[in-house]
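Dear colleague,

I am handing over the structure we spoke about, and my notes on it follow below. Please read them with the coordinates open beside you.

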Amino acid sequence: MPHCPLEIRASDADNAMGAEYFSKNKDKIRAELLKYGAIWFRGFDLMKSVSGNREMHESLGLDPCLDPLHSSGLRKFASERDALYEEVNKPSLRGHYIGLHCESTAKRTAAYAAFVCFQRATEGGGRFLVADGAAILAELNPDTLEKLYNRKIRISVSNLDIPPSLPGVVKEGIKGLVDVAVAPKLDMDLEMIYESDGKLGMLQAVETAEEPINRHPVTGLPVWFNNAHNHARKLRDRRPCGVPEVGMTEVFYADTMEPLDLETCNEIKRASEKHITSLSMEPGDVLLVDNYGPLVQYGLVNQYPSFASNGCNKSIRRRFKNDVLNYG
């Protein structure tokens, strides 16, 4: 199994070529991305600036598009004309673990994404985490995997406390308003459900049922592809997290809407964290990702360890709309 991500370090000759390096090696890079799932470009002077980063993706023939969470307010543009989003833009997320960047392919998603670092963390931290979904799949206990595959999962992405004493007709009216206001902001199918986690009055926006395994549309490689490691409440409550209750999540068995049991959560945690690789991103480093490939979970740990007058440490995201049916 190829190690994910593939590291490509720039030589003096590579840097002398500038954007031409990427245009000349476009076919090779696209083939390696399909094979490895992600490529970590290191030491390239070109991508230390916004304009150079744009030259890179244009040389590779990648067309930028809006992030699926663009309308939610969770993604702030760092440079709108260059389709660059800030990956983390709030001090409250300083110690937060960020999960799967491409959560579902129930709807066809952007085929690729890229993350670039423009400023290193000033007091440590700022590590970028990647995990190989094929390796996680092979690691998971077969009984746990079979249970999750057969029962499928549903993930709640938002909570809203509604007074449980309100009349039913009022509660239903509130549910309808939230459905109209929240669902369009997230590029996913959501159902508004009361008290799915057992808490009286809690209204949750819950994704439709999905299998925890995905197949790459070109290679057919099966990978562990879901956000349970980040979204399961039993795991999130054991990590530093500054997210308010309205943004807290939970993972349910789709057939009964019961939260995942602790034993299953711990097995997912064990298998996922065994195959996490921590990347210390430096200015100009770019992680190019195949959204359907082996790389399925990535995030940032302590991205903002300090704040100075010149602003926060930056890690930037860009998505590419290239059709998944036109890989390579």
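I begin with strand β15 (residues 286-290), which is mostly covered in this predicted model, with 5 of its 5 residues buried. Val286, Leu288 and Asp290 point one way from β15, while Leu287 and Val289 point the other way, and the buried state holds on both sides, Asp290 included.

Strand β15 has two antiparallel partners that I would like you to look at. Strand β2 (residues 38-42) pairs with β15 over 4 bridges in the antiparallel sense, and within that pairing Phe41 stands opposite Val286. Strand β6 (residues 112-117) is likewise antiparallel to β15, here over 5 bridges, and Phe115 has Leu287 of β15 as its bridge partner.

Elsewhere there is an open sheet of 4 strands, in the order β9-β10-β8-β13 and with antiparallel pairing. Its edge strands are β9 (190-194) and β13 (250-253), each of which pairs on one side only, and the twist from one strand to the next averages 35 degrees. At the β9 end, β9 and strand β10 (residues 202-207) are joined in the antiparallel sense over 5 bridges, with Met192 opposite Ala205 of β10.

As for the protein as a whole, 10 helices and 17 strands are found in it, and 50% of its 328 residues count as buried. Of the contacts between residues at least 6 apart in sequence, 78% join residues at least 24 apart. The protein exposes about 14500 Å², of which carbon and sulfur atoms supply 51%.

With best regards

Conventions. Residues numbered from 1 in each chain as written. Predicted model: local features only at pLDDT ≥ 70, side-chain atom pairs only at ≥ 80, totals over all residues. Heavy atoms only, no water. Buried < 20%, exposed > 50% of the residue type's maximum accessible area, 1.4 Å probe, protein only. Contact = heavy atoms within 4.5 Å. Areas by Shrake-Rupley, 256 points an atom, 1.4 Å probe, with all protein chains shown as cover. Pairing = 2+ DSSP bridges. Axes fitted to C-alpha atoms, helices over the stretch in contact; angles between N-to-C directions.
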